[in-house]
Every structure is written in C-alpha cells, then in structure tokens.
Amino acid sequence: MRPLKRTVPAARARLLDERATADRIARFGAHPDVWLPVLRPARERWLRLALVHDTGPTMPVWRPLVRELHTVLAQSGIFRTVTLHPAGPDGRAEHVPDPADGRTLTLVVSDCMGPQWRPGPAGARWYATLRHWASRMPLAVVQPLPEHLWPTTAFPAEPGVLASPGAAAPPAALTFAPYDPDAARPHPAAFPVPVLEPGAAWLAHWAALVAGPGGAHTPGAAAWLSPAPPEQDRAADPGSLPAQDLVLRFRATASPEAFRLAGHLALADPSVPVMRLVQRAVERDPRPQHLAEVILSGMLTAVPGPPGSYAFRPGVGELLQRTLPRTARGRTRDLLERMGRLIDARAGLVAGEFRARTGTGSAGTAFATVSEDTVRRLGAGGRNAVQEAEQNEQSKQAEQGRSAGQDSTAWPTLRFETDTDLGTRPEARISLEYAVHQVLSRGGLTPQQYEVLVRPDGYRVRVDPGVFLLPVLAAALRWLPGPLTDRAEAAPRLRVTFQDGFENGFPDGFQNDSPGGFPGGQEAVPPQASAPVLVVVPPALYEAFADSSAAAGPHRFRPLYGAAPDAPPLAWYCPLPAPRAEEEPDLVRGPFIATGSERPGIPVPGRSAVVHLWSAGPLTLLDPAGPHAGPHAGRPARPMTYYEVDLTPQHAGLPVSLPSSGKGEFVGTAMLTWWVEDPVAFVRAGTARVADRLLAHLLETAPRITRHHSPRRAAGAQRALDTQLGRWPVPGLAVRCAVRLAPEWAPPPAPPSAAPATAASPTGLLAGADAVLLGFDGPVTRLFTASAAREAARDLLAVAAARRGPRDAEHTRVTREASEVPAREVLTHPLDVLRVYARDELGPLLRARLDELELAAVPHAPTTHNCVALVRALQESGRRVAVVTDVCEEAVRRYVEPYRLLLDGVHGRGPHPAPLMPDPGCLRRALRSLGVGADAGVLIGSTVAELTAAQQAGLRFVGLARNPTVEQDLRAAGCAVTVRSLTEVLEAARAL
C-alpha cells in the first residue's frame with residue numbers, strides 16, 4: 001500500500017517559510033516593526049480510512065482478523081486517521097464519514113453472508129448505504145473467505161480488469177471488464193465494487209488502482225452493486241436435507257483441512273471460541289478460512305446464546321466422528337486435555353475470547369478439562385448464589401467507595417514505590433512515570449481499566465476487579481528496570497507490589513483483612529538486596545505465574561515468611577535483574593518450579609535433600625515414602641516450588657591471632673567444618689556466604705573467651721574455645737570447629753586438617769590408623785540380595801500402610817501403591833524405609849519388624865571374600881577392629897560368632913529414636929569405645945550413607961565398590977579411595 005503513503009498540502013495547518021521570509025525582507029527593506037512572515041501549507045497524509053466491519057451472525061470467527069487489520073493499518077502510518085465502525089445485520093452503520101473530498105476511502109470487512117446482503121428491509125437499507133458511499137469515495141470489500149467460496153456468498157465477485165479515470169475515484173466511476181466474456185452486468189445501474197482477500201498482493205493492486213492517475217488497467221475482482229439485493233437461486237434448505245447428504249456435500253466442496261477439522265469439532269461444543277481452541281489443538285497451521293468453511297457448510301445451526309453459538313444438525317455430529325481414524329476417535333480425552341492446556345495458557349490473557357459457565361444440572365457437551373484456577377480466572381468459580389450475591393455486594397460497595405474518592409481494597413492495586421522523595425528528583429519521577437505506563441500498556445491494559453494515583457515516593461495504580469494481573473506481571477518482569485538505570489545518576493530503588501482485592505485468590509485458611517492486600521494483616525517486607533527493582537506478589541498471583549509459560553524464563557520468585565516458623569509465605573518476591581552468583585544462598589540450588597506431572601527426583605540419603613512448598617503452603621522436607629503425596633494429592637496438578645540442598649560437609653580455615661589475659665597473644669589456626677542439619681530451616685533463612693559468616697562469628701566470639709587465659713596456657717584456651725563457642729549464626733547448620741593455639745613466641749601449630757587426609761591407596765590410609773571400623777553390610781556380608789531387599793522394603797511399607805489411621809488415608813494409598821507396584825518404587829532397601837520413618841510414631845514398630853527380617857536373613861547371608869582374613873591381619877598388625885552398621889547388633893553377633901573373631905566392639909542400630917547413618921553418631925560412639933580420635937581411624941564401607949557419616953565425623957574412608965555403579969556413586973559423593981574387593985586391603989594390612 002505504499003502508493004497511498006503520499007502527502008499533500010494541508011488545508012489549514014501552516015508552517016513558517018524561513019527562506020521566503022528572509023527573501024521578502026531583503027527585497028522590500030522594511031523596518032523590523034513591519035516584517036511579515038511568509039507561511040506555506042504544512043504537509044499531511046493524503047487519505048483517511050474508515051474501516052467498517054460486519055457484525056452479522058457468521059462474523060464472530062473473523063473478529064481476530066478485524067482486530068489485526070485495524071492494528072496494522074493504524075500503525076502503518078499510511079493514513080491520516082483510521083476509524084473503526086460496526087455494521088449491524090439490520091443494515092445500519094453509524095457515524096461513518098462520507099465527505100466527497102477525494103481524501104476519504106472506506107473498507108468493508110464482511111463475509112457477505114449476513115441478512116443485510118440478502119433481499120429484505122435490512123438488505124435494502126444496506127445496499128442504499130453502500131451505493132451512497134460508492135458514489136462519493138473509494139470503496140472496497142475485504143472478503144476473508146477464500147476466493148473459491150465467493151460464488152456461494154450473497155455478494156459474489158468475479159475476476160477481471162479494473163480501470164479508474166483518476167486518483168481516488170469512487171466505484172461509480174470505475175469500469176470493469178470480467179475475464180469471462182459471457183458475464184453480464186446484472187442491472188444497468190450497478191456499480192463494480194472491488195473485492196479483496198486480506199492478503200498483500202490483493203491490497204497492493206487495490207492501492208495502485210486508488211492512487212493511479214487514471215488510464216491504467218489493474219487486475220482484480222469486483223462484485224456488482226445493484227440498487228437492491230438481487231434475488232438469488234434458492235438452494236435446498238439444509239434443515240430439510242438428511243444428515244448424510246449434508247456431510248457428503250461438504251466433503252465434495254470443502255478443503256481437506258476443513259473436513260478433518262469438522263470431524264474433531266464433532267467431539268466438542270461447536271461455539272466459535274471452542275472451535276478456535278479445537279483448531280489450535282489439532283492443526284499445525286490453523287487458519288480461519290478452514291473454520292469458516294465448516295460454519296458456512298450448512299451442517300451447523302445457530303442456537304440461543306452469545307454470537308457465534310452453534311450446534312450440529314441432528315445426525316451430523318455422529319457421521320463426522322466416523323470420518324476420523326479409529327485412533328483419533330479414541331483420543332477424545334487427549335483432545336479435551338490439550339484444549340484444557342490451551343485454555344489454561346490463555347485464560348485471562350485475551351479479553352472476550354472465552355467465558356466459562358458452571359452450574360449444577362447444566363446440560364451440554366464437555367469440550368475441555370481445565371484447572372480450578374483457570375475457571376476462577378475465567379469468572380466461574382462454582383460458588384452458590386448466596387456467595388455470588390455477597391461478592392456482588394462487595395463489588396458494589398467498592399464502586400461506591402471509589403466514586404466517593406475513598407481507597408477500597410476491593411480494587412486490585414499496583415504500588416510503584418521508591419526509597420526516596422521524588423519531589424526533589426524530577427528526572428527520576430519522569431523516568432518512573434514512563435516505566436509505569438510502559439508496564440501497563442505492555443501488560444495489555446487500556447486506560448479505561450486502571451486509575452493512576454500520584455504519591456510522593458511513586459505511584460499507585462488501581463485496576464478494575466475483572467482484570468487478570470498475570471500479563472502485567474509478565475510485562476514487569478520482562479521490561480523492568482528498563483529506563484530507570486539509564487541515567488548517569490544513581491537511580492532510586494523501586495519496589496513493585498501487586499495486591500489483590502477481597503479474597504482474590506488467597507489459599508484456604510487465609511484471612512485477607514489487611515489494607516495492603518496480604519494475608520493476616522502482615523506487611524511482607526523483602527530482605528535488603530542490591531537489585532534496583534523488587535517485584536512482590538501475593539500467593540495467588542504467584543501460583544498463576546508458576547502455572548504459566550512465563551515461569552520458563554530466567555526470573556525466580558522467593559518466598560517471604562511471617563514470624564511463625566511453620567507458616568506459609570505471606571508473599572513472593574523477585575529481584576530484577578537476577579542477583580549475582582555470590583548473592584545466592586550457599587549449598588542451595590533453586591528455587592525451581594515443577595508443573596503438571598513434573599516432580600523433583602528422590603534425593604540421595606545423606607548427600608542431598610529436597611525442600612518444597614506450594615504457593616500458599618509451608619516449607620516442607622520432601623518425604624521419600626510419598627514424594628508426590630501431600631495436601632494437594634488427588635487434586636488437579638498445581639505448580640510446586642522446590643529447592644535442592646547439598647548435605648555434604650564443607651570446610652574452611654584461616655590463621656588466627658587471639659588476645660590473652662596478659663600482654664601476649666595466641667597464634668594458631670582454625671578449621672571449620674559444617675553441613676546442613678535442618679534443610680527446612682536452612683532454606684528458610686536463605687543465608688549467602690556461609691563461610692564468611694561463620695569465620696566472622698569465630699573472630700568475634702573467640703577473643704572474648706581467650707582473653708581470660710594466660711598466654712602460657714594455650715592448651716587451656718584451646719579447650720575453652722572447643723567448649724564455649726556459642727550458637728552459630730546460620731539456622732539449620734551443624735558446625736564443628738577445631739582450633740590449635742600456641743603462645744605468640746612459640747612456633748605456630750600445624751593447622752588441623754579440613755578433612756581426613758587422603759591417600760592414593762589403602763596402604764597409606766591403614767599406615768596412619770590405630771583403629772579400623774568395618775561396615776557390616778558389604779565388607780562383612782551381603783545380608784539381603786537386591787530382590788530380597790526390595791521384598792523387605794515392601795514388607796515394611798505394608799506394615800506402615802496397615803497401621804495408618806483414617807486421617808492419613810491419602811498417605812496410606814500412596815504408600816500401598818509404592819509397595820505394590822515395583823515399577824514405581826522409590827525405596828529399594830529396608831534401611832531406606834526406616835530412615836524415612838525415623839522420626840515417625842511408627843518408627844519403633846518398623847525397627848522391630850526389621851530386626852525380625854535381619855535375623856531371618858543371617859543364616860543365608862554369604863560372607864564377603866577375604867573378610868575374615870582381613871580382620872585377623874589387622875589385629876596382628878596391632879590395629880583395633882570394630883563393626884559399625886545400621887543393622888541390629890544381635891544379627892551382627894550371630895553372624896560373626898561361628899568365625900570366632902575377637903572384635904573390639906559391635907555397634908549396630910540403636911533403639912528408637914537413635915538416628916541412622918548418614919548421621920555420624922554410631923561412628924563417634926565406636927571411636928569413644930576404642931579410645932581413639934577421628935584422625936586415627938579408618939572406615940571401610942560400601943554405601944554413600946557410610947561415606948557421608950565418615951565425612952561428618954572426620955574419618956578417612958575406603959570404599960568397597962562391588963560394581964561400576966556403586967563406584968560411580970561413591971566417587972560422585974567424594975570418595976577418594978575405592979577398591980573392587982577386599983584383596984587389595986588385605987595385602988595392605990599384611991604389609992603393615
């Protein structure tokens with residue numbers, strides 16, 4: 001349409017012609033008091049456009065086309081103005097400009113199938129209007145139907161050549177020569193009106209015809225506009241035809257895509273919004289032309305309801321379903337789920353696309369399976385009439401409060417607040433105002449949907465209650481901080497808070513009685529961060545965000561908690577841009593979002609943990625016995641936020657110089673070892689730079705202890721430090737501190753090792769050891785085979801399921817499924833089950849049952865090769881040997897009794913609630929009984945739990961890997977020395 005983008009002199013606007021003015025002054029030499037300016041007409045666009053769109057019963061399918069066409073033409077810069085005008089099926093089109101000035105043209109968007117295109121009062125009125133326009137200004141019809149369907153419409157067009165006598169000539173002055181020599185003008189007074197498809201080539205030819213000076217011949221298509229709608233050949237009424245004839249006729253004339261689409265539409269409710277969703281679900285390249293072929297086929301009949309409501313004629317739907325392949329007919333549920341996902345993705349994002357209706361006893365065809373949140377966003381929450389009346393009353397009160405100038409919490413509010421008074425910083429206020437309007441416009445809000453209130457520190461935006469805020473949130477995340485950081489001066493920090501209205505989306509049990517929009521009247525205050533922008537949202541809006549495609553982006557929200565330790569989040573916040581790596585919490589990865597069927601994996605015991613929460617639920621440690629059970633089990637899939645926590649020990653050390661009671665100082669080294677003991681408390685704290693905080697606490701606390709000790713008594717100061725170092729400042733963390741001190745005049749002591757010294761072979765480990773601890777299940781025997789271990793685990797799970805009460809029915813169901821379906825097992829060893837129930841009331845019962853299973857397995861357990869010889873070789877070399885295990889002590893003693901091994905101790909599973917490995921309690925108990933320190937001991941084990949316990953206790957470790965998988969797991973957990981059998985360890989022991 002480039003030919004139409006010309007400019008012409010404006011009729012009224014004038015501009016100063018500086019050159020002509022200066023020339024006039026120079027020529028006449030007048031006094032400055034009588035200088036007169038020379039003005040010339042300003043340039044402006046040549047044409048203005050009136051876009052008239054048909055609103056007849058068959059036009060709802062073309063509404064997106066009308067919106068897109070209007071947007072493209074208005075933003076193209078071709079026309080002075082682009083106005084949109086509806087034309088009703090009664091033939092009336094209001095307020096359409098029709099000046100005969102040669103600078104206005106009209107485009108009519110219509111499929112020419114409505115009653116105003118046919119004989120009757122509406123048709124006569126509409127044709128009179130069209131002829132009036134066609135005699136005064138350029139006029140064309142944009143026909144959205146494909147060209148091969150034009151003969152079936154009430155305004156059929158035919159191809160030919162159009163000629164114009166001059167620029168912007170009306171259709172009454174055009175000449176048209178059809179390509180068909182037999183075609184004739186239906187009426188002597190008929191005008192040829194150009195008909196176009198909404199495509200680039202058609203619009204280009206029409207633009208050349210309008211802008212041409214005359215005389216040129218332009219290819220195109222035109223329909224004859226008679227003084228009245230012509231009588232048309234009456235075809236058979238579709239309602240009188242059998243269903244089989246309707247389907248066969250459609251099959252003969254329709255495109256393959258349209259016929260296939262009709263078969264899928266027979267599985268759903270054939271209203272226009274639903275048909276669009278079905279088309280998007282089944283077609284790779286959905287086009288409205290295919291949908292229009294179905295609507296105009298005669299197989300549908302209009303039914304009472306909003307525009308675009310249809311139903312298949314009797315028998316047609318069943319016949320169309322038979323045209324689908326058997327596999328497609330059998331996938332009706334899959335189709336409904338795919339459509340539900342489309343509705344979930346678009347709910348609340350496109351105004352006017354879809355409305356949901358719910359009600360008891362309502363009849364209709366199910367066409368989609370959607371989530372409860374989507375139904376709420378679409379406006380059908382399933383409440384009863386009393387609740388709806390209460391909600392309407394609240395909305396009415398909110399409207400009255402707004403009209404009176406009062407602040408009302410029924411209106412969702414966006415608060416853009418800075419940390420400074422913007423009255424003293426006008427440039428910052430201008431930038432913030434621009435950012436606010438950009439976020440609102442990019443979020444799809446029109447000025448009629450919100451009200452902006454100016455505050456000293458920013459802006460407050462009140463939004464209409466019916467507006468869904470997720471698009472605005474997505475726009476804020478994508479666009480901010482935007483221009484706020486473009487200036488050279490330091491920009492004020494901005495906090496953007498989304499607040500809901502009356503009970504708008506808060507989870508069950510929350511009372512939204514706070515003026516700020518957060519539950520319980522508590523204000524959600526995010527932690528101090530270096531990010532220039534902080535976005536805060538309530539739990540309901542975060543859940544909608546997590547369930548949308550926006551959650552796949554780089555932005556991650558973090559929860560804000562209240563004072564109660566087990567309370568759900570008050571709100572969620574997201575710093576913009578994302579924080580740097582050094583600001584992220586140590587030992588924690590996340591938050592991650594799991595939606596639908598996605599769920600986090602089962603953590604490795606002792607090595608990692610998973611902490612999760614729902615949008616309005618407390619932070620909870622993932623239960624390996626029922627990882628996908630919980631308060632939301634059995635409900636539609638909801639997004640879950642989770643963190644992965646590293647439980648392995650960490651180390652850091654530094655030289656220290658501490659004061660004494662005298663003039664001298666203590667010099668020495670300090671080594672810290674820490675690991676996460678309570679994952680929930682640690683994640684909730686969100687501590688970053690853990691090592692720096694622990695070392696700072698040590699340097700702050702230690703001087704207050706050592707200044708009471710003489711510099712000559714370094715050993716006493718060292719013992720005091722070991723016993724008096726107070727609580728460490730990081731919640732959920734277990735810390736071990738080893739300090740070595742000496743007077744400042746003495747040589748500094750050797751630093752304590754951060755971890756047990758590693759060696760390249762078992763010989764180096766055994767050479768420096770005074771005691772050797774043997775794991776039982778692996779180094780001594782294999783008490784359960786893989787299949788026997790699974791059977792024992794299922795046995796314990798069955799016991800747990802049988803003892804659960806009715807209040808744990810859901811957990812019982814999940815546990816039974818885990819015990820009855822081996823393909824879905826997550827607990828494959830009985831000790832894993834016992835670890836899960838370690839702190840449960842069923843713990844003692846399960847321990848007793850496992851004791852029975854282990855004692856029954858002792859007679860059949862094979863002895864590990866070279867185990868007995870290794871124990872005797874170690875004892876001959878002067879090493880003390882003890883067995884440490886999570887197996888019950890009685891089973892260990894029964895097993896080793898026939899071999900007459902003189903062990904220095906057997907330390908097995910203690911009574912409830914003694915923890916199991918990876919807790920190092922069993923290892924420390926064994927070392928105390930042997931009278932040796934951790935640095936003088938070695939543990940020979942075969943599991944990651946034993947390795948983790950050794951790392952926490954400070955023991956060196958030799959891993960017995962029976963196969964490559966076990967070796968890979970041990971290596972990944974930090975094991976430096978692994979052997980495939982005890983032969984290598986036996987040779988090292990004999991060489992001592």
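**View 1. Arginine 900 in its loop, in a predicted model.** Arginine 900 sits in the loop between helix H26 (889-896) and S29. Phi of arginine 900 is positive, about 50°, although the residue is not a glycine. The relative accessible area of arginine 900 is 71%, so arginine 900 is exposed.

**View 2. Packing of helix H25 on helix H30.** Two packed helices are described by the angle between their axes and the distance between the axes. Helix H25 (residues 867-876) and helix H30 (residues 983-990) pack at an angle of about 20°. Their axes are 9 Å apart. H25 and H30 are therefore roughly parallel to each other, as angles under 35 degrees count as such. The crossing of H25 and H30 is left-handed. H25 contributes Ala869, Leu870, Ala873 and Leu874 to the contact. From H30 come Val985, Leu986, Ala989 and Arg990. By class, the contact of H25 with H30 has 7 nonpolar residues, 1 charged residue and no polar residues.

**View 3. An open sheet of 6 strands.** The strand order is S29-S28-S27-S30-S31-S32, and the pairing is parallel. Strand S29 (906-907) and strand S32 (978-979) stand at the edges. Each has a single partner strand, so one side of each lacks a neighbour in the sheet. Inside the sheet order, strand S27 (residues 771-775) and strand S28 (residues 880-884) run parallel and are joined by 5 bridges. Leucine 774 has valine 883 in S28 as its bridge partner.

View 4. Proline 577 lies in the loop between strand S19 (571-576) and strand S20 (588-594). Proline 591 is placed in strand S20.

**View 5. Alanine 491 and aspartate 419.** Alanine 491 is part of the loop between helix H15 (470-479) and strand S16 (494-499). Its relative accessibility is 30%, so alanine 491 counts as partly exposed. Alanine 491 and aspartate 419 are 72 residues apart along the chain. Their C-alpha atoms are separated by 9.9 Å.

Conventions:
Residues numbered from 1 in each chain as written. Predicted model: local features only at pLDDT ≥ 70, side-chain atom pairs only at ≥ 80, totals over all residues. Heavy atoms only, no water. Helix = DSSP H or I, 4+ residues; strand = E, 2+ residues; numbered from the N terminus. Buried < 20%, exposed > 50% of the residue type's maximum accessible area, 1.4 Å probe, protein only. Axes fitted to C-alpha atoms, helices over the stretch in contact; angles between N-to-C directions. Parallel < 35°, antiparallel > 145°, perpendicular 65-115°, else oblique. Left-handed = near helix turned anticlockwise from the far one by under 90°. Contact = heavy atoms within 4.5 Å. Nonpolar A, V, L, I, M, F, W, Y, C, P; charged D, E, K, R; others polar. Pairing = 2+ DSSP bridges.
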